Amino acid sequence: MRIQWIHAAWFLLASPLCAQIPTLAEAKQELAAKHYAQAKALFAAYAKAHPENADAEAGVGDAELALHEYQAAELTYRSVVLKQPQMWRAHKNLVIIEAQLGRWEEFDRERAVLRAARERGAEGISARESDVIDSFDVPGKNGGHWIVREYYLPVGRSLTRYNFESFGADGRVKEYISLESAEAAKDAATQGDVLRSDESEKHDEQARQEQVKDFVLDWYTGAAHGTIKSYPQGEPKYEAVRRDVLRWLRKSKE
């Protein structure tokens, strides 16, 4: 009988039920190291042991997003914002996910949540931030990976609303396309400036919040720029701008 109890005790100690629960720090370390599958498993284990911890569940969503498991990530982040409506990181990632899934109504709805938070001065989010809202790959020999950044307050001398950015092997922007004020962009270009996506010059608050009525889609490299399309009837929906950018890129990168 004693031998049976010894074997039973050994079995319990060896059981996964007795395995040490990972820490959030360990899970975040795996995520930072781009070990996404391992990170997902660690976050999930911690979240199971601490179901009230929204940060752990958001970590699961972060790993799923990195793994391009968009539908799973959407469900995870929806659960997170039900528990913690002001976790802006989850809302921002939902914007990216809805763009990848082509669900433009949900995409605009999440952006409206973020816009409203900025307008009321909510804690943990700033009107001066920029958000990555989308990414895509352009096929072809001269194609590549592009990310899209939105500016709640228009930035730079050209009052940019969106930047579509392509990066070189050195990690620096080599080419970008901006949706910007046609008038402001024209004024900046006549001054002999080559505009950059990391434009650092600041405008006063009144100029930033000024309603821009004329928009243009401009393409830039370090040595040249040109106009892709004009939007004289006011700011177009992002979905339409994205379509115009992709059409132009696919044609120019053939």
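Mentor: We begin with pairing: two strands pair if DSSP finds at least two bridges between them. Strands (E, at least two residues) and helices (H or I, at least four) are DSSP runs, numbered from the N terminus. Ser 166 stands opposite Glu 175 in β4. The model is predicted, so local features need pLDDT of at least 70 and side-chain atom pairs count only at pLDDT 80 or more, while totals for chains, interfaces and linings use all residues. Residues are numbered from 1 along each chain as its sequence is written, and side-chain values use heavy atoms, with hydrogens and water left out.

Trainee: How do you know that β3 and β4 pair?

Mentor: Seven bridges join β3 to β4, and the two run antiparallel; the requirement is at least two bridges. These strands form a hairpin with five residues between them, and Gly 171 in the turn has a positive phi of about 85 degrees.

Trainee: What makes β2 and β3 a pair?

Mentor: Six bridges hold β2 and β3 in the antiparallel sense. Val 148 stands opposite Phe 164 in β3. The hairpin of β2 and β3 has four residues between the strands, and Gly 156 there takes a positive phi near 75 degrees.

Trainee: Which strands are called edge strands?

Mentor: The open sheet has six strands in the order β1-β2-β3-β4-β5-β6, with antiparallel pairing. Its edge strands are β1 (130–138) and β6 (225–231), each of which pairs on one side only. Helix α10 (residues 238–252) packs on the sheet and touches β1, β2, β3, β4, β5 and β6, where contact means heavy atoms within 4.5 Å. The direction of α10 makes about 35 degrees with that of β1; axes are lines fitted to C-alpha atoms, for helices over the stretch in contact, and angles run from 0 to 180 degrees between N-to-C directions.

Trainee: Why is Trp 104 called buried?

Mentor: Buried means under 20% relative accessible area, exposed over 50%, and partly exposed in between, with a 1.4 Å probe and protein chains only. Trp 104 has a relative accessible area of 16%, so the residue is buried. Tyr 238, at 2%, is therefore buried as well. In β3, seven of the eight residues are buried.

Trainee: Why is the pair of Trp 104 and Tyr 238 called tilted?

Mentor: Rings of Phe, Tyr and Trp (its six-membered ring) pair if their centres lie within 6.5 Å; planes under 30 degrees apart count as stacked, over 60 as edge-to-face and the rest as tilted. The ring centres of Trp 104 and Tyr 238 are 6.0 Å apart and the planes stand at 55 degrees, so the pair is tilted. Because Trp 104 lies in helix α7 and Tyr 238 in helix α10, the pair ties together parts 134 residues apart in sequence.

Trainee: What makes a group of residues a nonpolar core?

Mentor: A nonpolar core is a set of buried Ala, Val, Leu, Ile, Met, Phe, Trp, Tyr and Cys residues joined through side-chain atoms within 4.5 Å. The largest one here has 26 residues, and Phe 136, Phe 164, Tyr 238 and Val 245 have the most contacts inside it. Helix α10 gives the most to this core, with five residues. A second, separate core of 13 residues includes Ala 54, Ala 58, Val 81 and Ala 90.
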